[in-house]
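Welcome, and thanks for taking a look. Please have the sequence and the model open side by side as you read.

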Amino acid sequence: MIPEEVGKTAAQCRHYAMCKIDFLGTGLCPSGRVKHYVSYYPQGRMDICDGLARGLIPVTEGLVDIVGTCTLCGICDKQCHFVTGLRPLKVMRSLKEFIAAYIAAGQEVKIVDSDPVLESLREIVGHEWASNDPAILLTYSNDPFPLADMQMPRYVVLPRTGDQIVRLVHLANGRGIPYVVRGNGGSVFGFVFTDGIVIDVNRMKSIDIDRDNWVAVVEPGVTSFELQQEVAKLGFRVNAAEPAATVCGNIVCTGMFSTWSNAYGVGADNFVNMEFVDRQGGLFHLNEKTAPNIFAFTNEGSPSPGICTKAYVRMHPAIDDEEGLLVPFSSFSGAVSFARDLSRRRIGSAIGVLGGHYLSTFISPSAELAERVRSCLTEALGIEYAVFIVADRYARETIKGMAGTIIDNRLFRMLMLGLPHLNEDGWLDLIRDLENEEQPYEILLREEMYPVIETVLSPSPETLAQAVDHDLKDFYSSLYARPEMTDLLWLNAFRIVSSRMARHKHVFVFVAYVPLARLDIIEHIAAELKAIADRYAISNDFGFLTPLDLGKRAILEYDYYIDHTDRSEGVKIGKALGEVEPMFDRLSATTKGVRWLKYVFGQGSSRKESFLYT
Amino acid sequence: MAGKKIVMRASPQAIEEKRRTRGSAILVTGGTGLIGSHLVAKLCRTGYRVIAIARPNKQMTGQERINRLLDWFGLDSPARSRIEILEGHLDDPDLGLDSTRYRQLAEDIDEIVHCASDTSFSERKRAQVEKANVANLENVLELASRSTCCFFHHISTAYAAGKNGGRPCKEDLVETGAFTNVYEETKHRAEWIATKRCASEGIRLNIYRPSIVHGDSKTGRTIRFNALYYPIRTILFFKNLYEKDIVTNSGRNAEKMGVYIDRDGIIHLPIRVKVAAFGGINLIPVDYFVEAFMAIMEDCLEGGIFHIVNTRTRPIEEIIDYVRRLFRVAGIRVVPCEDRANLPRNGLEVLFDHYIRVYEPYIRDTRIFENSRAEAILKKRNIACPEFDYDAFSKCMQYAVDVDWGTRL
């Protein structure tokens, strides 16, 4: 028996695949690194545990192997806690105990028979890299998307080369078996499930750097984090999406966007060429004259042009004196106007307006601390929003002149490492209660106050580590002793904290392109999304906004938060979507520049001009 | 309405008689504030029937908030039996009550004591302050006009006359004025609004103008810790912070800030307080205000305006000296304003600068408040404003520390 509590933890896995990248320098789950199937990573084992607890799968040879290869090294606990606050190690331990007891009791371990299709798949990719074991299939059958049912594939296959993908497509077409391709994780939108073949590209991880052309050629298994790591070594950066998302998958699906999109653009701005295997199994490059025109856009949604087997991604030079900084605001309109102004004046590279929830969640290593920090930021200091900017030293001086109050990286480091003491002895209440024409943050964040802040917060890795479970304190202390962990620029380039937004619940995002000069429209969209969510008692919050194309457009994210294990939350989301869709359709039809990301899905490699200015 | 003779709703004798028999029902607004809560308690203890209207906050219902305060006052059961608490708020014309309850209330009340007010000085809070001090007053006056109310008691401020061009402030309505802040301005407007509305409705009106109110002169007790309390609380915060740094961190941060503990164990905080050369703070204890209010209420049945102030202002140097003595803190000194531009400021001073910027008109106040009308009544009853001396200061601050500036209330 899997203990109920363990089953519940297992069911909480968010499927963000953060356990499949070495984002903390802890190393990867040893078995996952070798076996590549998601089943051999902590994410897969969480699903298997959940599946066993719910009686969805039998104990098979594959399952025994998956459980047996777990060394209980504890890497998953550190990685997962950093992002979600979950502690998967107890799940891993329970799985091992369950299987040990199962075998000791002499119960049947099922041997799954092969079949001709599986044999053909194995002929293409090698015996080890195709499977029909239910323990493996289960881990490719669902994600936290509340509106999609579980769908078990018949096969999972892990090709190594583009040529193998060509052959797989031919095989699937020839036998009339549907297939989907899957990047590092699920899409968390229910898009990568099939009852046919799942092609997992996790083994296709090569990165070739073409320095002369400032281009990185990446295979489809390469994640944003891995690519950023490689190019950073050479003094470059790329416009990176979520760290665990694959670069090719991201480009094809939604297009690459982030706070860097202010400078580096979206859609086709981010690559110079791509290689695809089309639906008939033919290989083509986008830059060929005869290639299909996937730079165009249709506002109805469109299937992807095939399986991306290579992306030639633009690299951008990093400048030595760049730093990240935050400009706090008490109002949304103030923050958005400021971000637009920066973009129009070409000041700064990455720019994003962050809401209080994002800000407090990103910087706090525990949900409980994030709650406290949010209340400190908003109620005591009056910081409802912050504009995040990456800027060189000249731009930073300008921004300081424009904004008055900024949180530079020195202050950010101090605040972050001293977060647990933020309201020590009612310190912030003292600031809040100061009757003044200025917002409390405008007083607190002055440079003269730095020594006082330092005394109040006693910032140090050990101070910050007070916020986590006792047994993780040492790990967090050493983790936060690393300068990059409190470096706004690094954190933004590698985005390792952004997955924390789903720490308290699974996040359901609404993203739309909006005309940045139309603050009224932006506020209207945010207000409508809030009103709809409130009507269905769905927890919700503004996410972020990033200017695009010199302040003409922006990308807006608004988030709904749900417990994906609770069916009733899925029902609520379904009803809410029934109102959100017509709202966006109406706005898209009547307001230039409004484009819901739903219709960009599958057209992420379009030129931005094709969807921003139609 | 020119030329129309207004008949007052009740004669002084009728009012007096009703009060004497304790038949009056008095609606009190702002019953969770410093003055309002004290008046609720005092009126109940005196035997009046009180109706308090209170809004809920994040933690408690209005009922719970008032009851908690009555506990704090130690009100006994007979007194408590004379209070009725209504869950409502003054933001809406119907005061957040359903139509039946609103009608019942209108039929029930004889007098209104309007204490509800927003005491923020910040211009950035203008909308909020105007709403609380003007719009909400109009909602209460509307109730008064639609009710059986015959006497309106409006708690204003001695500073409603604004800067008053350096002239003595009279116990009268002021025609025009330049104001230090939005609080003064809205309280000024409120006085005119109340005066006109009450006159047109035949409701008698008393306007009470206290100066800066602090804790009880005998016990130091209070429920609010702003104004006078804020800078003291800040000093103590820094004192504790740097003492801890010196004890546990070898004083590294204290040294950077120029903070140290001398041989006598006195901590030196380098804080230069920049204020004008003349003037002082006009402070009155809350118990004095309550006594004065009750006396004026009972004595003045025709209506009038009354300054409830201290005839002796305190210079800030004296307060700093009290701080030094009570808390064993040195290093705080007053610097003339003229030097303001030339001084680089440390973090401790930045906070004080911001505080002073807002409160300076009240710290170095040179305004003179005539109070002959109030004085005539108070003198008859031997009610005099207690001195704000070291003893009173100590009691107030000791209480504040004991309740951790309100967090342990």
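How many helices and strands does chain B have? Chain B has 14 helices and twelve strands, where helices (H or I, at least four residues) and strands (E, at least two) are DSSP runs numbered from the N terminus.

## Before we start

This is a predicted model, in which local features need pLDDT of at least 70 and side-chain atom pairs count only at pLDDT 80 or more, while totals for chains, interfaces and linings use all residues. Residues are numbered from 1 along each chain as its sequence is written, chains are lettered from A and ligands numbered from 1 in the order in which they are written, and side-chain values use heavy atoms, with hydrogens and water left out.

## Chain B as a whole

The radius of gyration of chain B is 23 Å, close to the 22 Å that the globule rule gives for 409 residues, so chain B is as compact as a globular protein of that length. That radius is taken over C-alpha atoms, and the rule is 2.2 Å times the number of residues to the power 0.38. The C-alpha trace of chain B spans about 70 × 45 × 40 Å along its principal axes.

Of the 409 residues in chain B, 57% are buried; buried means under 20% relative accessible area, exposed over 50%, and partly exposed in between (1.4 Å probe, protein chains only). The accessible surface of chain B is about 17300 Å², and 50% of it belongs to carbon and sulfur atoms. Such areas come from the Shrake-Rupley method with a 1.4 Å probe, and for residues only the protein chains shown count as cover. If we take contacts (heavy atoms within 4.5 Å) in chain B between residues at least 6 apart in sequence, 81% join residues at least 24 apart.

Now for the charges: chain B carries 60 positive and 54 negative ones, with mean positions 1 Å apart. Lys and Arg count as positive and Asp and Glu as negative, while His and the chain ends are not counted; each charge is placed at NZ of Lys, CZ of Arg, CG of Asp or CD of Glu.

Chain B holds an open sheet of three strands in the order E8-E9-E12, with mixed pairing. Strand E8 (260-261) and E12 of chain B stand at the edges with a single partner strand each, so one side of each is left without a neighbour in the sheet. Two strands pair if DSSP finds at least two bridges between them. E8(B) and strand E9 (residues 267-275) of chain B run antiparallel and are joined by two bridges, and B:Ile261 has B:Ile267 in E9(B) as its bridge partner.

Where is B:Asn346 placed? You will find B:Asn346 in the loop between strand E12 (329-336) and helix H12 (347-363) of chain B. B:Asn346 counts as buried, at 17% relative accessibility. Leaving aside residues up to four places away in sequence, B:Asn346 touches A:Glu448, B:Met257 and B:Pro270.

## Chain A as a whole

Turning to chain A, its secondary structure comprises 26 helices and 18 strands. A compact globule of 614 residues would have a radius of gyration near 25 Å, and the 24 Å of chain A agrees. Its C-alpha trace spans about 75 × 60 × 50 Å along the principal axes.

In chain A, 63% of the 614 residues count as buried. Chain A exposes about 22200 Å², with carbon and sulfur atoms supplying 50%. Among chain A contacts between residues at least 6 apart in sequence, 74% join residues at least 24 apart. The chain has 61 positive and 77 negative side chains, and the centres of these two sets lie 4 Å apart.

## A sheet in chain A

An open sheet of four strands in chain A has the order E1-E2-E4-E3 and mixed pairing. Strand E1 (130-131) and strand E3 (179-182) of chain A are the edges, each with a single partner strand, so one side of each is left without a neighbour in the sheet. E1(A) pairs with strand E2 (residues 155-157) of chain A in the antiparallel sense over two bridges, and A:Ala130 has A:Val157 in E2(A) as its bridge partner.

## Two residues with positive phi

A:Leu72 has phi near 55 degrees, a positive value in a residue other than glycine. A:Leu72 lies in the loop between helix H4 (61-68) and helix H5 (75-84) of chain A. Is A:Leu72 buried or partly exposed? With a relative accessible area of 31%, A:Leu72 is partly exposed.

B:Trp405 has a positive phi of about 55 degrees, although B:Trp405 is not a glycine. B:Trp405 sits in the segment after helix H14 (390-402) of chain B and counts as buried, at 14% relative accessibility.
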